[in-house]
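This report takes up a few local features of one protein chain. Have the sequence and the model to hand.

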Amino acid sequence: MITITMMKTTEEYQHVRELWEKEWGGSQMIVRNQSYDLMAHQTLIATMGTTFVGACNIAITGVYLEILALQACHKYAGIGTALLKEVETIGRTQGIREIHLITSNDNLNAIRFYQRRGFRFLTLYPNAIDEARKKKPTIPRIGNYQIPIHDEIEFYKILQ
């Protein structure tokens with residue numbers, strides 16, 4: 001069973017920091033040409049028993065909740081879905097009408113994941129990642145499936 005809680009302990013903090021280092025090259029995220037320190041935002045953690053299995057950083061930005069990063073340690077185990085459901089619950093509880101997130105053009109698995117869970121395309125930001133690379137040179141040029149990484153794609157979901 002997957003349990004989702006807010007990050008509280010030093011051990012949880014370390015697990016999340018290591019996950020962001022492994023998956024994103026650190027906790028700095030460049031989105032829409034803005035730099036975020038993921039560790040400075042609310043973080044949900046997923047556990048199975050006592051094992052850390054994923055995390056999700058969120059920010060409430062005005063009228064919507066933004067997912068800054070969502071990562072499951074194991075694919076197709078329901079971890080991402082459980083994290084996303086908790087994000088939606090938080091949004092509804094706080095009276096938020098929409099959830100937004102941005103991913104890169106090469107992230108076909110995420111694009112599929114979010115669309116299957118009711119998210120819709122909102123905006124394409126051409127060359128946004130080329131610009132982000134100026135601030136964070138460690139962003140790779142070639143991504144998943146050997147697709148060149150250039151653009152950001154924004155998704156949204158209206159909470160009912």
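The side chain of serine 104 makes a polar contact with the side chain of aspartate 106, at 2.5 Å. This comes from a predicted model. Serine 104 is found in strand E7. Its relative accessible area is 16%, so serine 104 counts as buried, the cut-off being under 20%.

What else is serine 104 in contact with, leaving aside its neighbours within four places in sequence? The partners are Ile111, Ile129, Ile149, Asp151 and Ile153.

One of these partners, Ile129, leads on to helix H4, residues 128–135. Ala128, Ile129, Ala132 and Arg133 are buried there. Seen down the axis of H4, the buried residues fall within an arc of 140 degrees, so they line one face of the helix.

Now for threonine 10. This residue lies in helix H1, residues 10–24. Is threonine 10 buried or exposed? Its relative accessible area is 67%, so threonine 10 is exposed, the cut-off being over 50%. Threonine 10 and isoleucine 99 are 89 residues apart in sequence. In space they are 28 Å apart, C-alpha to C-alpha.

The two accessibility values are set out below.

| Residue | Relative accessible area | Class |
|---|---|---|
| Serine 104 | 16% | buried |
| Threonine 10 | 67% | exposed |

How values were computed
Residues numbered from 1 in each chain as written. Predicted model: local features only at pLDDT ≥ 70, side-chain atom pairs only at ≥ 80, totals over all residues. Heavy atoms only, no water. Buried < 20%, exposed > 50% of the residue type's maximum accessible area, 1.4 Å probe, protein only. Helix = DSSP H or I, 4+ residues; strand = E, 2+ residues; numbered from the N terminus. Arc of directions from axis to C-beta. Polar contact = N/O pair within 3.5 Å; in protein donor to acceptor, adjacent residues only side chain to side chain. Contact = heavy atoms within 4.5 Å.
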